[in-house]
Amino acid sequence: MTVQFQGVMPAITTPFNADLSIDHAAAAANVRWLVESGCTGIVPCGSLGESATLSFDEKLALIETCARAVDAPVIPGIAALSTAEAVALAKQAKLAGAKGLMVLPPYVYSTDWREMKAHVAAVIEATDLPCIVYNNPVAYRTDFSPEQILELAREHSNVKAVKESSTDVRRITAIKALAGDQLALGVGVDDVLVEGVAAGAQFWIAGLVDALPVESVRLFELACAGRWEEAARLYAWFLPLLRLDTVPKFVQLIKLVQEKVGAGHRRVRPPRLELAGTELEQAERLIAHALATRPAL
């Protein structure tokens, strides 16, 4: 299977049973539904997937579940506390059925380019799978500049794409100016999708797509087609929900939306807790209004 970094690729949530073990049947059903709705790939084990709370073996089991469930590339997030563990995870992910890797900086420790480059380079070199370099300075406190990303791509032929989550759409144009067509560019923050596509992004690793895949795929297609007025109308409806992807409790919020549309459960693993009190009431009002005004597509 040749991986094409294009289209809408959900960063999937991880469904849990009542005892907080992974619900593999639900995971398989979810990813099948997403692909049937027009999504082009599946990205498990990311931050939205609560990867930091999953054990090494749980990550591999989830990757294998996704790979068996869909005829679409599974591109797991590869992150760990140590470089050794991240390298081992990359190698085992390939054996579990991954067709590409989304390479993150290490959890917790963030420092200068020399050390961060060494870490991600080790993960990239661990397999021959095509890799997405994930830049998310807001969450991981490591900022890969366009020049540094291009340096990785020049030194490693399997660096094929960038998930840009700095929230600065100018980064997409800056990477494109340096890399040309060498790298596929992806939006990694839900509420800059239309702007990102206008700047040259070819794929979207999305969050709210887990609950609303049809609307997500349609929005992406309208933006790619340059149908800006139609995209603007759909975007205006979608933005209050898409902004749920940009706050600290984005996992709880997106899982709540999934539950409201019958596509999941709000369960999360500690230290996350389910929403409660005023926070829950406000979220439920926002979601209820969005679903009541959901456009017909």
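**A walk through the buried rings and their neighbours**

Let's start at Phe-203, which is buried, its relative accessible area being 0%. Keep in mind along the way that this is a predicted model.

Phe-203 has an aromatic partner. Searching the whole structure turns up 4 aromatic pairs, and one of them is made by Phe-5 and Phe-203. In general, you describe a pair of aromatic rings by how far apart the centres are and by the angle of the planes. What parts of the chain does the pair link? Distant ones: Phe-5 belongs to the segment before strand E1 (7–10), while Phe-203 is in strand E7 (residues 203–206), and the two are 198 residues apart. Phe-5 counts as buried too, because its relative accessibility is 9% and the cut-off is under 20%.

Another aromatic pair is formed by Trp-237 and Phe-238. This one is also tilted, with 5.1 Å centre to centre and 35° between the planes. Are these two residues buried or exposed? Both Trp-237 and Phe-238 are buried.

Have a look at Tyr-134: the charged end of Lys-163 sits over its ring, 4.0 Å from the centre.

Now over to another lysine, Lys-117, which you'll find in helix H4 (residues 113–125). Why does Lys-117 count as buried? Its relative accessibility is 18%, and anything under 20% falls in that class. Leaving aside residues up to four places away in sequence, Lys-117 touches Glu-151, Leu-152 and Glu-155. With Glu-155 there is also a polar contact, side chain to side chain, at 3.0 Å.

The last stop is Leu-62, in helix H2 (residues 56–69). Leu-62 is buried, with a relative accessible area of 0%. Which residues does Leu-62 touch, if you skip those up to four places away in sequence? The list runs Thr-14, Ile-22, His-24, Ala-27, Pro-44, Cys-45 and Leu-54.

Notes:
Residues are numbered from 1 along each chain as its sequence is written. This is a predicted model: local features need pLDDT of at least 70, side-chain atom pairs count only at pLDDT 80 or more; totals for chains, interfaces and linings use all residues. Side-chain values use heavy atoms; hydrogens and water are left out. Helices (H or I, at least four residues) and strands (E, at least two) are DSSP runs, numbered from the N terminus. Buried means under 20% relative accessible area, exposed over 50%, partly exposed in between (1.4 Å probe, protein chains only). A polar contact is a pair of N or O atoms within 3.5 Å; within protein, one must be able to donate a hydrogen and the other to accept it, and residues adjacent in sequence count only if both atoms are side-chain atoms. Contact means heavy atoms within 4.5 Å. Rings of Phe, Tyr and Trp (its six-membered ring) pair if their centres lie within 6.5 Å; planes under 30 degrees apart count as stacked, over 60 as edge-to-face and the rest as tilted. A charge sits over a ring if NZ of Lys or CZ of Arg is within 6 Å of the ring centre and within 35 degrees of the ring normal.
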